[in-house]
Each structure stands twice: as structure tokens, then as C-alpha cells.
Amino acid sequence: MLRKSGAILLVAIMIIISACGSNNNNKVESSPSATKSPEPSPSPSPTASESDSPSPSAKPVTIKLLTYTANGQEETLKAMVEAFQAKNQDVTVDYEVVPYADYDTKLTTLLASGSEPDIYEVGYENFRKYAAKDLLLDLSPIIAADTSFNPAIYKKLAYDAFNYNGKQMGVTESFSDVVLYYNKDLFDAKQMKYPDASWTWKEELEAAQKLTDPKAGVWGTYAPIQFYEFYKTIVQNGGGVFDASGNPTVNSPANVEALQWMIDKASKYKVSPALNDDTFNQPDADLNAFLAGKIAMVRFGIWNFGRFKDAPFKWDIALEPGNTQKAHHFFADGLVASKNTKQSDAVWRFLKFFTSDPDSVSKRIAAGWSVPAVADDAVMDAYYKQTPPESKKVVIEALDSLVLPPVGPKPEKWGELQTAVVEQLDKAKLGRITAQKALDNAQKSVEALLSK
Amino acid sequence: MRMVGQRKWNRRTAAFVFLLPAVLGLIAFQLLPMISSIFISFSDWDLLSKWTQIHFIGWTNYVEVFSNEKSYTSIKNVFIFLIGYMPVITLLGIMFAVLLNRNIRAIKLYRAAIFVPVITSWVAVSIVWRWLLNGQSGLINYALSKIGIEGPIWLQDDHWAMVAIIAVTIWKDIGFVSIILLAGLQDISEDYYEAANLDGASAWSKLIKITIPLLSPTLFFIITISLINSFQVFDQVLIMTNGGPAGATSTIVEQVYRNAFQFNKMGFAAAQSWVLFVIIFSVTMVMQWLQRRWVVYER
């Protein structure tokens with residue numbers, strides 16, 4: 001019995017093996033390049049595929065794309081990719097969308113195993129890190145050779161954000177910034193003037209004091225105390241994390257004063273929720289509070305416009321008040337190509353199309369997927385026309401005073417740098433140490449980090 | 001004779017074939033990573049560099065583990081956790097085990113109920129507890145306010161965050177501990193108690209002279225497992241406080257994760273995890289030594 005079934009098994013295995021073998025043989029005989037191109041080549045001449053590379057349009061290629069900003073915009077991405085493929089019949093784009101929270105870990109793992117996609121999306125901070133690690137394809141020679149391409153189609157600042165040491169290593173895809181949102185109804189109720197570009201912290205505080213109504217649970221102004229808010233606020237006071245030559249200046253007097261102001265809004269002037277207010281430390285709590293009409297002025301990213309589309313009150317945006325100068329966050333997302341890509345031609349065609357082609361950009365605008373970083377006002381008109389907010393041009397005006405994330409001279413230490421500063425901000429926020437002491441500590445940690 | 005030998009061989013082959021999938025998995029996903037982590041711990045690998053760009057830097061990573069302030073904080077925090085967690089869970093565990101050992105109606109329901117947190121995912125549990133522990137609108141502080149206590153802002157307060165983590169971990173693990181102890185209790189033969197009753201022993205001396213000694217193998221197991229788990233506290237910390245506020249709940253595994261995947265310091269993280277291994281190994285050895293002194297085995 002056992003022996004019999006064993007014999008049957010043996011025969012079965014032999015059949016499978018021989019089948020595989022003959023298959024292999026057939027392949028090898030018919031076309032030596034079969035392993036390279038997935039389609040059965042109609043003309044099995046070995047010279048055509050091996051030695052001289054044929055014209056790029058003849059050979060179909062697949063490029064891989066990894067993105068995070070498309071999370072929630074998968075349909076738009078699909079439409080954009082299809083539009084590209086329609087114009088570039090020889091290229092297939094194999095895309096994958098990964099949520100932002102897991103994106104970095106996933107991409108890092110792919111890079112570590114050498115299986116990264118041809119094109120992937122990065123924010124400015126990570127761009128610096130990957131560029132410094134020499135993982136990205138230098139596009140400069142391709143750009144120089146492409147006569148049909150003019151970098152002036154992009155907003156210069158956004159385009160230059162992906163330039164590393166004089167090499168263009170990515171193309172900006174979209175940008176976003178942070179502006180002051182305000183609840184018009186709350187201002188109207190007190191018959192007050194709306195915030196405008198001339199406002200400084202002083203006017204903001206005065207207005208906030210009038211608008212704060214503890215009984216109704218209404219706060220005059222709000223901004224969280226965290227790293228991103230910190231590095232921008234200190235610039236509004238003429239400070240900064242690094243000086244012009246890249247030395248850390250975390251505990252400069254201007255920075256200490258700015259941090260004190262951030263804390264004072266809540267603890268001294270009481271125009272913001274208490275710093276240990278747990279409810280305001282929950283994710284999206286500030287957004288929900290604004291939507292519930294409980295905050296008069298608040299600093300939010302422009303990617304939140306859609307959330308307040310149906311708000312039961314009138315609202316608008318303005319430039320952020322600064323103290324000695326204006327400063328606004330600037331976040332750029334771009335596409336970069338892997339240094340190891342074998343399809344640099346197809347990759348470049350896709351980068352160009354995806355970031356600047358009117359066909360692609362218009363789809364992005366219609367779907368409200370960030371702001372495309374193109375300079376052409378005709379293209380941008382559609383974006384401006386979408387309201388609320390009415391003062392949509394503020395989004396662009398804010399770029400005149402933008403602050404890039406202070407990545408510093410060692411981009412690979414960016415994560416650690418943030419954590420080191422945040423730990424001290426937390427201590428100052430809890431009132432365990434003074435603003436001065438917190439930033440002295442932070443300065444020491446940052447110095448130690450950069451000296452290694 | 002030949003037949004016997006062949007059967008033996010057949011059985012060995014069969015055993016090997018059946019074990020193969022598990023063994024392959026072990027080798028690929030446990031043994032190889034462990035071995036390579038030894039090499040990585042002596043290197044400056046940052047996940048992004050190719051193998052050819054890696055430098056071996058000797059003991060530098062290990063030196064840094066012992067000079068890095070954050071490493072110290074995380075080790076200190078784990079010991080704080082242990083001090084708060086171990087005695088409470090052991091005592092509560094015994095108490096619940098004794099209660100669950102009663103022969104009352106619906107006892108199986110109680111036993112199942114206490115076990116539910118154990119099989120619930122840490123992620124879900126942590127998120128729910130984050131709501132319950134909310135300083136302003138959480139249920140815990142509401143209940144405390146009813147008895148006249150103004151609760152702290154648990155997870156946002158560096159003095160209270162670890163207390164909250166310990167309490168939630170006890171709540172989640174108590175089911176496991178008490179069910180294991182319950183099994184240990186039920187394993188103790190009734191004969192001893194009957195004999196003790198005949199001799200007129202008090203309830204206290206029955207507990208000290210019979211229950212505790214005969215429960216000691218189970219207790220030993222529980223304490224060892226809880227120790228190892230305490231050193232590996234991670235999920236709840238990552239979700240409830242993310243190591244904050246101001247590093248008050250930063251633990252060893254949390255630091256390993258952060259260094260490896262957020263700061264790209266794979267070499268340093270590997271060194272940290274080997275230091276953690278040595279700590280756990282030594283603690284377990286000490287426990288083994290202690291075992292000979294106080295654990296009583298029947299027969």
C-alpha cells in the first residue's frame with residue numbers, strides 16, 4: 001500500500017520535473033532575452049535586445065512608485081497615473097499607497113534591503129537625509145539634456161527645496177503651509193476688526209483677551225507647544241535653531257523669549273487652554289474645537305480647509321502674526337528617483353508629468369489634494385476659486401516668509417534632534433523648569449548630538 | 001532486527017519532516033536575526049547604508065549604551081516599573097486565585113471575565129485607557145472627584161504617567177497571573193488540608209505551611225515570567241504616552257525601537273537589545289538560584 005502510493009508520487013514528481021525542464025528548454029531555445037522582457041518576443045533576434053539599446057519607446061517598461069500623500073486620494077492618483085500612461089504607452093506605473101505613520105519605516109526597510117521603488121515620495125526633511133546618504137538619482141544631467149523642460153514652471157522655492165548641494169535630486173510635487181484661521185462670527189459678535197497682515201503678537205494678544213470667554217469655553221487663540229510650532233515661533237521673534245553657519249543657537253535670548261510667549265498665552269494671560277489640558281492634547285482636538293466655534297484664532301495647516309467647508313460659522317485665513325518678523329511653516333512633498341533605477345528615462349517623464357502637466361495638476365486641484373507647486377497663475381486660478389476661505393491667496397503670500405524645517409548640518413540626526421528638544425519643551429510646559437533652563441538643556445543635547 | 005532499525009529510521013525521518021517547517025521558520029526569523037544582530041551591534045549600520053558601507057566600530061555602541069543618558073533613564077524607568085508592578089501583581093494574583101478557587105455559582109463566568117483583558121490587544125486596550133485616564137473628561141478622574149479627590153492629569157504629568165502605565169498593565173495581566181495560580185492551587189491535594197484540620201491547624205498556618213510552599217513552583221514561574229515581561233514593556237508605553245512626558249515613561253524596548261527605526265541607529269539599538277538580553281539573563285539566573293532555596297516540589 002505504502003509502496004504503491006510512493007511509486008505514484010515518484011511518477012508524479014518525475015512528470016512535474018520533466019515538464020518544467022522541457023518548458024525551460026523551450027524558452028531558452030526560442031529567445032535568449034525571454035527572462036528580461038515579460039512578453040513573448042515576436043522577433044527572437046538576440047542582437048536587438050542585448051547589445052545596442054533600442055529606442056526607449058519600443059520597449060515596454062514598468063516603474064514602481066511609493067507614496068503617502070495619496071492616502072485618501074487613491075482615486076485621484078489612479079486617474080493621474082492613467083492619464084500619464086495614456087500619453088506614454090510604453091510605461092506602466094505600478095503604484096503603492098502607504099499611510100504616513102508607517103511610510104518611513106516601510107521605505108527605510110525597502111531601502112535597507114535594496115528593493116526600493118524607482119520613484120518614491122519624500123518630505124523635505126527626509127529628502128535631506130536620503131540625499132546625504134547618496135540614495136537618490138541626480139536628475140541634473142537629465143534636466144540639462146531635456147530641452148522641453150523649464151524649471152520656471154515650478155514655484156522657485158518649492159523647486160529648490162529638492163536641490164541638494166547643487167544637484168537637483170527630486171521634483172517638488174505639492175506644498176503646504178500653516179496660516180492663521182479665525183472665526184469671523186466670534187469677531188463680529190464683539191465688533192472687532194479681523195486679523196490682517198499688519199498684526200503682531202501684541203495685536204493677537206489684545207484681540208485674544210477680548211475674545212476669550214471662559215464661561216462659554218471660548219479661547220482667544222491657540223497653538224500647540226511642540227517642535228514644529230517651536231521652530232517657527234522662534235523665527236517670528238528673530239531667533240532660530242541654527243545660525244547662518246549651522247551652529248546650534250537653541251538657547252538664544254530671542255528663542256527663550258518666544259518659548260516664554262508660547263507658555264504665557266496659556267499660563268499667564270489665560271487666552272489659550274491650560275497646558276496640561278488633556279482634551280487639547282488628544283489628536284485633532286484643536287481642529288474639533290475650532291469646528292465647534294470654541295477657538296477664535298488658531299494656527300492650522302492649509303490641508304485642513306476641507307474639514308471646515310460646512311462649518312456653521314463664517315471663517316477665513318490670514319497671515320500669522322509675528323513679533324519682530326513674519327514666519328510661516330513650509331512643507332514640500334516631492335518625488336525622488338532611486339539611484340539604482342534602471343528606467344531613468346521613464347522615471348523622468350513620469351516625474352515631469354505628475355508634478356507639472358496641466359492634465360495632472362488640474363486633477364489634483366479638483367480633488368483638493370494639497371497645492372501643486374506650479375508657478376503658472378492660470379493653472380492656479382482654479383485653486384484660488386475654491387472657497388472657503390475667501391482669502392485663499394494668503395496661502396501663497398505666506399511663502400514670502402517661509403521657514404524650512406531646521407534640519408541642520410547633520411540631516412541623519414533630525415529625528416534625534418527633534419526628540420531632544422521636545423523633551424525639554426515638555427518639561428517647560430509642565431512647569432518643572434524655566435524656559436531658559438529648558439532651552440539651555442536642549443542646546444547642550446543638540447551640541448552633543450552634532451559633535452558625534 | 002532490520003525491521004526495527006528501519007522503523008526507527010522512518011520515525012526519525014517523519015519527525016524531522018514534521019518539524020522542518022517550524023525549524024526553518026525558527027532559523028530564518030529567530031536564529032539568523034539573532035546572530036546577525038551580534039554583528040550589527042558592533043557596527044554603525046544605519047539601515048540605509050549598503051553592506052559594503054558598514055564600518056565595524058568595536059565596542060563603541062556598548063560604551064554608548066552605558067554613557068547615554070537616555071539609556072540610563074530607560075533602564076531606571078524599567079526598574080521603577082518593576083518595583084511598582086511585581087509586588088502588587090503577585091499579591092493581587094494570589095488573592096484573585098483564592099477567590100476564584102471557591103465553589104460558588106457562575107464561578108466559570110468570573111474566571112472567564114478576569115481573563116478577557118489578557119486576550120485583548122494591547123493597542124485597543126491602550127487607546128481605551130487613554131480616554132479613561134483623560135485628565136479633564138476621563139471616567140477615572142470623574143469617579144475620583146465623586147469621593148473628593150482631584151485626580152492628576154495622568155498621562156500628561158511626568159510624576160503620574162508611570163503610575164498609570166503600571167496600573168493599566170496590572171489590570172491587563174492580572175487575569176493571566178491569577179489563572180495560572182488558580183491551576184497551581186487546584187493542584188494541591190485536599191489530603192494535606194484534611195490532615196491539617198485533624199491536627200487543629202489554624203487557617204493562617206495552613207496558608208503559610210501548606211498553600212504557599214506547595215504553590216511555590218507556580219509562584220516561581222509567575223514571578224519569572226512577570227520579570228521578563230516587565231523588562232520588555234513596550235506596547236502600552238508607545239501608545240499611551242509615546243515614552244513621554246519628558247521621557248518619564250521611556251523604557252528599554254521603547255528606546256531600542258526608537259533608535260532602530262526612527263533614528264536609524266541600528267547598531268546602537270542592537271547593542272541596547274543585547275544589554276537587555278544580558279540583564280534578563282542574569283535576573284533569570286538569580287531567580288534559578290533563588291528557586292533552589294525557597295521552591296518546594298511535591299514528591
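## Cavities in the predicted model

The model is predicted; local features require pLDDT of at least 70, side-chain atom pairs count only at pLDDT 80 or more, and totals for chains, interfaces and linings use all residues. Residues are numbered from 1 along each chain as its sequence is written, chains are lettered from A and ligands numbered from 1 in the order in which they are written, and side-chain values use heavy atoms, without hydrogens and water. On a 1 Å grid over the protein atoms alone, a cavity is a set of points where a 1.4 Å probe fits but cannot get out, and lining residues have an atom within 4 Å of a point. Grid points are joined across faces, edges and corners, and a volume is the space filled by probe spheres set on the points.

The largest cavity holds about 50 Å³ of space. Its lining consists of B:V65, B:S71, B:S74, B:I75, B:I252, B:Q272, B:V275 and B:I279. Two or more of these residues come from each of α3 (69–100) and α12 (266–294) of chain B, helices being DSSP runs of H or I with at least four residues, and strands runs of E with at least two, numbered from the N terminus. By class, the lining has five nonpolar, three polar and no charged residues (nonpolar: Ala, Val, Leu, Ile, Met, Phe, Trp, Tyr, Cys and Pro; charged: Asp, Glu, Lys and Arg; polar: the others, Gly among them).

The second largest cavity has a volume of about 40 Å³. Residues A:W201, A:A223, A:E229, A:T233, A:Q236, A:W261, A:M262, A:K265 and A:R299 line this cavity, with α10 (227–236) and α11 (253–267) of chain A each giving two or more. Here the division is four nonpolar, two polar and three charged.

## A pocket in chain B

The second largest pocket (an open set with protein on both sides within 12 Å along at least five of seven lines) contains about 680 Å³ of space. Of its 25 lining residues, B:M34, B:S37, B:V256, B:A270 and B:S273 are the closest to the centre.

Helices α1 (2–41), α11 (252–262) and α12 of chain B each supply at least two lining residues; α12(B) gives the most, with nine. The lining comprises 20 nonpolar, five polar and no charged residues.

## Strand β3 of chain A

In β3 (residues 119–123) of chain A, five of five residues are buried (under 20% relative accessible area; exposed is over 50% and partly exposed in between, with a 1.4 Å probe and protein chains only). A:I119, A:E121 and A:G123 point one way, and A:Y120 and A:V122 the other.

Strands pair if DSSP finds at least two bridges between them. β3(A) is parallel to β1 (residues 61–67) of chain A over two bridges, and A:L66 stands opposite A:Y120. Five bridges join β3(A) to the antiparallel β10 (residues 328–337) of chain A, where A:A337 stands opposite A:I119.
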